Amino acid sequence: IPVDPFDLVVFGATGDLARRKILPGLYRRFVAGQIPETSRIIGSARTEMDAAGFRAFVAEAIEEFLDVKKRDADSVARFLDHLHYVAVDAKGDGGWPELAALIRRDVVQAYYFSVGPSLFGDLAERLHRHGIATPNSRIVVEKPFGRDLASAKTLNATLAEHFDESQIYRIDHYLGKETVQNLMAVRFANILFEPLWNARHVDHVQITVAETVGVGGRGAYYDKSGAMRDMVQNHLMQLLCLIAMEPPYRFDPDAVRDEKLKVIHALLPVEPDDIVRGQYRGGGKKGAAPSYAEDVGDPATRTESYIALKAHIANWRWKGTPFYLRTGKKLRGRASEIAIVFKEVPHSIFGDEEGWRENVLAIRLQPNEGMNLSVMIKEPGPGGMRLTEVPLDMSFAEALGEDGADIPDAYERLIMDVIRGNQTLFMRGDEVEAAWAWTDPIIAAWEARGDRPKGYDPGSSGPEDALMLLHRDGRRWREIR
Ligand code: BG6
């Protein structure tokens with residue numbers, strides 16, 4: 001379904017995110033027929049460039065970041081016709097009159113701030129001053145949304161000076177992932193799961209976002225954040241909310257976000273013993289692969305590239321059910337999954353069978369998106385009643401055929417939601433602040449103790465101590481493959 005005509009300005013249009021995700025994503029939506037003929041995409045950055053230069057830049061980005069099957073020369077050429085470019089100075093007045101002359105006031109104006117948060121205020125203010133912030137305007141801001149509660153509050157206050165909350169779209173790209181949205185469909189469109197979705201039946205929940213990549217060229221940013229700020233405060237927190245929240249009364253932005261916010265408020269502070277931080281070592285033959293410290297160029301760095309923690313939600317539904325979260329770089333596999341581990345049946349009529357296991361509902365977010373429910377059956381054969389565990393496995397790609405194989409990138413979906421004016425998959429200001437309010441004391445506690453992260457080998461499943469976090473509760477992590 002096409003959206004209404006729009007003018008989309010991408011500030012930071014020559015940056016990495018624009019090149020890798022935003023611009024190729026817009027092209028994909030164009031191919032899908034969602035971008036109306038009269039819509040325009042206006043690149044903007046400090047670099048002086050003309051429209052032809054920008055078009056060549058975007059054509060290259062499409063070629064580099066979309067595989068051959070997803071692009072063709074004819075549609076790329078037609079897409080490029082929608083592109084314009086205006087160089088602006090975020091901290092001065094250069095370029096703004098030209099930009100203002102280009103923007104139409106009577107269509108949706110979307111301003112994508114694909115720049116560091118230190119420029120959010122400047123951009124918001126200049127959009128206003130030059131008369132191109134209208135009731136039809138929306139602004140899109142990227143993470144990191146601050147680095148603690150105080151800075152997030154300041155950012156929210158700055159943006160609120162110029163825009164209403166209903167015009168502010170804070171991106172957490174995990175919410176744009178098809179499988180993450182599917183969590184809500186699985187929970188709220190099936191009668192099967194909801195009656196079991198509580199502390200009476202769920203033993204614990206594991207949320208894993210494992211990556212094989214290191215920090216690469218992002219060391220300067222990453223070393224000031226670490227896994228807690230970079231991943232847990234936002235992406236893992238969002239996953240936890242979608243798993244733990246009460247059913248919203250409707251699939252509507254504020255109904256959903258109100259329920260997520262309640263989960264964040266109900267999170268208990270995390271005990272220092274319930275956290276393990278790790279940092280990858282160097283590896284490979286003769287130390288060919290750099291360590292984290294080498295990657296960020298600081299031998300004394302104490303930033304974590306891995307974190308595992310146990311969280312508790314103090315509410316009626318989840319009292320006593322731990323949520324184990326872990327995420328890290330340079331791990332054994334790229335595997336993101338949520339596992340709901342159910343309790344054993346209250347009494348086994350088969351006696352203490354060896355190999356007795358729990359039912360586990362595992363939702364694979366990436367790669368090979370799908371769901372797996374482990375169930376117990378009788379082991380075939382005449383050997384008596386022995387039990388065995390079998391998977392009910394579903395891969396979205398197989399189940400949905402071509403539609404499943406061609407899952408749109410998170411950014412494609414989110415940008416179209418901005419144009420449609422649908423904030424359901426975006427974080428509200430109070431949500432971000434609540435997430436920082438939970439995160440801040442955890443970080444402050446380890447900083448005060450001067451904790452050093454534990455080393456782990458690249459290609460492993462993280463530091464040994466992370467295993468202990470579950471072992472001591474009589475549980476174990478699911479394997480990262
Ligand atoms: C980003 C983090 O938000 O998410 C990165 O800053 C991380 O450090 C990335 O690699 C992971 O996203 P995805 O979509 O590849 O799982």
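A polar contact is a pair of N or O atoms within 3.5 Å; within protein, one must be able to donate a hydrogen and the other to accept it, and residues adjacent in sequence count only if both atoms are side-chain atoms. This report applies that term to two residues of a predicted model, in which local features need pLDDT of at least 70, side-chain atom pairs count only at pLDDT 80 or more, and totals for chains, interfaces and linings use all residues. Residues are numbered from 1 along each chain as its sequence is written, and side-chain values use heavy atoms, with hydrogens and water left out.

**Histidine 235**

An unreviewed UniProt entry carries the annotation "active site" for His235; such annotations may be inferred rather than shown by experiment. Histidine 235 lies in helix α8, residues 219-244 (helices are DSSP runs of H or I with at least four residues, strands runs of E with at least two, numbered from the N terminus). Beyond the neighbours within four places in sequence, histidine 235 is in contact (heavy atoms within 4.5 Å) with Lys143, Asp172, His173, Tyr174 and Asp230.

**Arginine 277**

Arginine 277 belongs to strand β8, residues 275-280. Not counting residues up to four places away in sequence, arginine 277 touches residues including Arg302, Tyr306, Trp446 and Pro463.

**Burial and polar contacts**

Histidine 235 is buried, at 2% relative accessible area, and arginine 277 is also buried, at 8% (buried means under 20% relative accessible area, with a 1.4 Å probe and protein chains only).

| Side chain | Partner | Distance |
|---|---|---|
| Histidine 235 | Asparagine 234, side chain | 3.5 Å |
| Arginine 277 | Glutamate 304, side chain | 3.1 Å |

Note on methods:
Buried means under 20% relative accessible area, exposed over 50%, partly exposed in between (1.4 Å probe, protein chains only).
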